[in-house]
Amino acid sequence: MTTATPAREAATAADAAAPAGSLQRYGRWWPAAGLAALLAAPYSSLPLPGLLDGPIGSAGNLQLLALCLVFGALATGYDLLLGRTGLLSFGHALYFAAGSYATELIMVEAGLPFAVAAVLGLCCGIALAAALGSVALRVGGIAFSMVTLAFAQAGSILVERDPGGVTGGEEGRAIPADKLPGSLAGIGNTVNLYWIALAYLVLTLAVVHWAVNSPTGRVWEGIKENERRVEVLGLRPYGFKLVAFVLAGALAAVGGIVHLLLTGGATPQTTTSDFTLSLLVMVVLGGSGSRWGPLIGGVLYTWADHRLGDLAGSQTVSGLPSVLRVPLSQPLFLLGALFVVTVVALPGGLTRLPARLRPALTARQRKTAVRLRP
């Protein structure tokens, strides 16, 4: 009896560990499965009722999926500041808008090809991030956040005032179809824009993964945990923070260029601090400081932003009593409610869900093993 008991307990422990092991195995493979699904999306005619209208590979759905990928990548790049270095910036939208506006202006006003204009637009975004970051990073904490907010407000006002007619004011600037390559213009070429958005996502994930796991990335982690300790070790946090700031700004500028192609123009909404606040919500929703959290949050937020707008204007909501119809007819109310529920139910974001499920599955498995024990 004494020899059978340890063996039985070992078997029970192994059974209890099975759910955790299964979750870890699924966690290793789901990124590859997700990438395969994204690669197959343009060729799929399957419908997803409730999630998308019509077949997955239709032009409208590919447009929505491409926007989800762009903002998922943008949130991932923004998390280099918030989740990796501990910098709360309210001006990240500026570099996204810089890539978009600069590319459009150079292409239309200077008459340069799109590829050349895109490279120059990226350089403008990097230069702006380096200039503003070198000033904002002279202070830390809430003062840094306020400085970046001031820059964001100044940039937004400048775009809306339309000095010299170069920004288009509240209407923005549209790209003439004849200025774009034929493969990137028109609804029939939406699939090509989808591939560009997917390539931007893969590039961002690769750059962020490489940067976080580099020696500089480890210093970022130290700065987030205790900046004074990094100084004691003989390192200058300012330079490392500036690298993170410029790298995140460069990734945002690339995203602005891709967004310019998807929407057919540069819009002033992308210059506001509200746009950066949306990025903050995406990161917190998915899980700040995690590898996949900002991506998941960005995709979910963008999808909800579009789909909940359709729900708010649907006949189902219009037929409800006024007590329910008024709040449910506001997409921002629905988004806010979704965010609050997620934050309260899942502290740490959606990526913490497997870790929260693992103890429950283990406890359930142990109870089952005890019940079946002879």
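I count Ala, Val, Leu, Ile, Met, Phe, Trp, Tyr, Cys and Pro as nonpolar, Asp, Glu, Lys and Arg as charged, and the others, Gly among them, as polar. The model I looked at is predicted.

**Entry 1, the largest pocket.** I looked up the volume of the largest pocket and found about 990 Å³. Its lining has 34 residues, and I noted Trp30, Leu38, Leu69, Leu295 and Val299 as the closest to the centre. By class, I have 26 nonpolar, five polar and three charged residues in that lining.

I checked which elements give two or more residues to the lining of the largest pocket, and they are helix H1 (4–40), helix H2 (59–82), helix H6 (190–212) and helix H10 (293–312). I recorded H6 as giving the most, with eight residues.

I then turned to helix H4 (residues 114–136) and helix H5 (residues 142–161), which pack at an angle of about 145° with axes 9 Å apart. I noted their crossing as right-handed. On the H4 side I listed Leu132, Val135 and Ala136, which meet Phe144, Val147, Thr148 and Phe151 in H5. I sorted this contact by class and got six nonpolar residues, one polar and no charged ones.

I found 14 helices and two strands in the chain. Of its 374 residues, 41% are buried. I also looked at contacts between residues at least 6 apart in sequence, and 72% of these join residues at least 24 apart.

Technical notes
Residues are numbered from 1 along each chain as its sequence is written. This is a predicted model: local features need pLDDT of at least 70, side-chain atom pairs count only at pLDDT 80 or more; totals for chains, interfaces and linings use all residues. Side-chain values use heavy atoms; hydrogens and water are left out. Axes are lines fitted to C-alpha atoms, for helices over the stretch in contact, and angles run from 0 to 180 degrees between N-to-C directions. Helices (H or I, at least four residues) and strands (E, at least two) are DSSP runs, numbered from the N terminus. A crossing is left-handed if the near helix is turned anticlockwise from the far one by less than a right angle, and right-handed if clockwise. Contact means heavy atoms within 4.5 Å. On a 1 Å grid over the protein atoms alone, a cavity is a set of points where a 1.4 Å probe fits but cannot get out, and a pocket is an open set with protein on both sides within 12 Å along at least five of seven lines; lining residues have an atom within 4 Å of a point. Grid points are joined across faces, edges and corners, and a volume is the space filled by probe spheres set on the points. Buried means under 20% relative accessible area, exposed over 50%, partly exposed in between (1.4 Å probe, protein chains only).
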